[in-house]
Amino acid sequence: MNQTNINANKQLPPKHERHKMFGSVPAGPRTKPVEKEQMVDLQNTKKDFLFDLDAVGITNVKHPIKINSSMKPEIQTTIGTFRFSSSIGKGSKGTNMSRFTEQLDQYHNEGFAIDLETLKRFTKELAARLKQKDAEVEVTYPWFFERKGPFSDLAGMNHADATMKVQYHEDTGYDVEVSLKGTITTLCPCSKEISEYSAHNQRGQVTMSVKLTDDFDENQTDWKAALLEASESNASARIHPVLKRPDEKAVTEQAYENPRFVEDIVRLVAADLYELPYVEKFYVSCQNEESIHLHDAIAEVTYDKTQE
Ligand SMILES: Nc1nc2c(ncn2[C@@H]2O[C@H](COP(=O)(O)OP(=O)(O)OP(=O)(O)O)[C@@H](O)[C@H]2O)c(=O)[nH]1
């Protein structure tokens, strides 16, 4: 192996001297307690603080997580971005912020797998730990799934952003909402109709948020795969990581045969979600990055099956 010749002959002062050179000073006199029991617990001050708070907590907490998937790879380690909160009454100054990450680390050490059952348990336990009636946990993570070229069968990895939100309240129990943000291809029906050749197309971001029924069984149904299918099966074409020429021809022709406006996408995805028996309410949005404009096209729909 070749060794690189490094000419590092500079005589540097020791590290503690370097810190002094750059402004570090000796510690001053210490007057405040160092024992936890003797420290002021400001956040636990009890008096009238004027307003109840809907939510207090921490957000943008990044942590490695394990998830299961019905699509390959079936077990994944990915990075979750968490938001933890609970309400607090006007009689309390603040929450105990350290307890959120304390519980997260405890679950991590017990092999925290992010499924709905475990998140529900986590949220209820969090409420108890915070001595509150309610708690809310939301986690967003990139979910990976294998995708093969339609002709060559050559595989690669795609990803979509999955979100799970669990709310717990002592009096009303759990509320569970799941979301998926996936990517599709759309081809403009108007452009196809009016042009002698071709049609311009878009890369669309479809976001689906769904309130699941209480009897939803995650061991029977992978909600991530179901939402992905609702968005991709209604697109002009799916997105692929690997495409050989015969694949590219197939995807291009499929898009031309299935033109879609942004409005068409949200209505067709809404129809699929409407048909899923474990979906109680849903929100669908699509944002299309236009290839002939600098702006994006958007459409949204919400629907509550319990309000029919
Ligand atoms: N409530 C609150 N705490 C904050 C905030 N920003 C930082 N913190 C800090 O979070 C730190 C740890 O909070 P706690 O969980 O209350 O710590 P603790 O009282 O030692 O923990 P427990 O033993 O669980 O009661 C405190 O030192 C707070 O200063 C804030 O905006 N609100």
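Predicted model: local features only at pLDDT ≥ 70, side-chain atom pairs only at ≥ 80, totals over all residues.
1. Pocket size and lining. The largest pocket holds about 320 Å³ of space. Its lining is made up of 18 residues. Those nearest the centre of the pocket are Thr 185, Asn 201, Val 251, Thr 252 and Ala 255.

2. Where the lining comes from. Three elements each supply at least two lining residues of the largest pocket: strand E5 (173–187), strand E6 (201–212) and helix H6 (245–257). Of these, H6 gives the most, with five residues.

3. Sorted by class, the residues lining the largest pocket are seven nonpolar, seven polar and four charged.

4. Helices H2 and H3. Two packed helices are described by the angle between their axes and the distance between the axes. For helix H2 (residues 98–109) and helix H3 (residues 116–129), the axes come within 11 Å and cross at roughly 140°. The two helices are therefore oblique to each other, and H2 passes H3 in a right-handed crossing.

5. The H2–H3 contact. On the H2 side, the residues in contact are Arg 99, Phe 100, Glu 102, Gln 103, Leu 104, Gln 106 and Tyr 107. They meet Thr 118, Arg 121, Phe 122, Glu 125, Leu 126 and Arg 129 of H3. By class, this contact of H2 with H3 has five nonpolar, three polar and five charged residues.

6. Helices H5 and H7. Helix H5 (residues 223–232) packs against helix H7 (residues 262–275) at an angle of about 145°, and their axes are 8 Å apart. The crossing of H5 past H7 is right-handed. H5 contributes Leu 227, Ala 230 and Ser 231 to the contact, while H7 contributes Val 269, Asp 272 and Leu 273. Four of the residues in the contact of H5 with H7 are nonpolar, one is polar and one is charged.

7. Backbone points to check by eye. Most residues other than glycine have a negative phi, and most peptide bonds are trans. The peptide bond joining Lys 72 and Pro 73 is cis, with omega about -5°. Pro 73 sits in the loop between strand E1 (53–68) and strand E2 (75–88). Asn 60 has a positive phi, near 60°, and is a residue other than glycine. Asn 60 lies in strand E1.

Definitions and conventions: Residues numbered from 1 in each chain as written. Heavy atoms only, no water. 1 Å grid on protein atoms, 1.4 Å probe; cavity = no way out; pocket = protein on both sides within 12 Å on 5 of 7 lines; lining within 4 Å. Points joined across faces, edges and corners; volume = space filled by probe spheres on them. Helix = DSSP H or I, 4+ residues; strand = E, 2+ residues; numbered from the N terminus. Nonpolar A, V, L, I, M, F, W, Y, C, P; charged D, E, K, R; others polar. Axes fitted to C-alpha atoms, helices over the stretch in contact; angles between N-to-C directions. Parallel < 35°, antiparallel > 145°, perpendicular 65-115°, else oblique. Left-handed = near helix turned anticlockwise from the far one by under 90°. Contact = heavy atoms within 4.5 Å.
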